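Please examine the sequence and the structure shown below. The briefing that follows is arranged by topic.

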Amino acid sequence: MSAEPAPARRADAERNRSKIIAVAREAFAEPGAAPSMAEIARRAGVGMATLYRNFPGRLELVEELFRHTVDDMCQAAASVSGDTPGEAFFAWLMRFHAIGARKGPLASVLLSESAQGTPILRAGRSRTIAAGESLFRAAQRSGEVRDDISLGQILDGLVALAGIDNGPDFPGALTRILLDGLRPNPHTTGGSPPAGEGTDIPTATRRSE
């Protein structure tokens, strides 16, 4: 029997690799999950030899998953839309938050299993900031996002909130609070303050004068 043609072998190898990555992403996204390589191979329906041929160890697999997650965040920045620059920016932040829920467990593994984890995380953060910077600046120029905060600070805040359980009664409440806080305060953007603000003279006193 003749050997399988090389192009067919390469296609099979690519399918196996894609299947492993897809299964691993789902496995690591499960609450409290820390799947073993054997579990990943079982779910993907491949042998351990195939798994290790693609990823020599768990760390290499997690690094690949992390890169894919950062790719998703960057692609979302390029494809998101909104009626205004601010709407587009906030839509991307929500996508970042949703995608970041997958990234958190991966980052924890990188920090715990590799001295190189920190450079990988820094590189991912830099790529994400670069991808979202134009959306952020446009939203600031349109007056829909305050100008006294950086994009890095915003993303770091969302990452921190991703690790907090808001509780079943208020899902996403803290994230909404953070996003609401990015909008400019109308009382600090010029114009006359509301009655009773910006002066030491009580409103009732001013009316009697």
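**Briefing on a predicted model**

Ala22 is partly exposed, because its relative accessible area is 39%, and partly exposed covers values between buried (under 20% relative accessible area) and exposed (over 50%), found with a 1.4 Å probe and protein chains only. This is a predicted model, in which local features need pLDDT of at least 70 and side-chain atom pairs count only at pLDDT 80 or more, while totals for chains, interfaces and linings use all residues. Residues are numbered from 1 along each chain as its sequence is written, and side-chain values use heavy atoms, with hydrogens and water left out.

**Overall make-up**
- The protein has 9 helices and 0 strands; helices (H or I, at least four residues) and strands (E, at least two) are DSSP runs, numbered from the N terminus.
- Of its 209 residues, 33% count as buried.
- The accessible surface comes to about 12300 Å², and 54% of this belongs to carbon and sulfur atoms; such areas come from the Shrake-Rupley method with a 1.4 Å probe, and for residues only the protein chains shown count as cover.
- Among contacts between residues at least 6 apart in sequence, 63% join residues at least 24 apart, where contact means heavy atoms within 4.5 Å.

**Ala22 and the annotated region**
- Ala22 lies in helix H1 (residues 6-29).
- Ala22 and Ile40 are 18 residues apart in sequence, and their C-alpha atoms are 9.9 Å apart in space.
- An unreviewed UniProt entry lists residues 36-55 as "DNA-binding region"; positions follow the numbering used here, feature names are shortened, and annotations may be inferred rather than shown by experiment.
- The span of residues 36-55 is 75% helix and 0% strand, and its end C-alpha atoms lie 13 Å apart.

- Thr128, in helix H6 (residues 117-141), counts as buried because its relative accessibility is 3%.
- Not counting residues up to four places away in sequence, Thr128 touches Val70, Met73, Cys74, Trp92, Phe96 and Leu155.
- Thr128 and Leu155 are 27 residues apart in sequence, with 8.9 Å between their C-alpha atoms.
- Leu155 is one of the buried residues of H7, which also include Leu151, Gly152 and Ile154.
- Helix H7 (residues 151-162) has 12 residues and reaches 17 Å from its first C-alpha to its last, close to the 16 Å expected at 1.5 Å a residue; the expected span is 1.5 Å times one less than the number of residues.

**Leu174**
- Leu174 is found in helix H8 (residues 173-180).
- Leu174 is partly exposed, because its relative accessible area is 33%.
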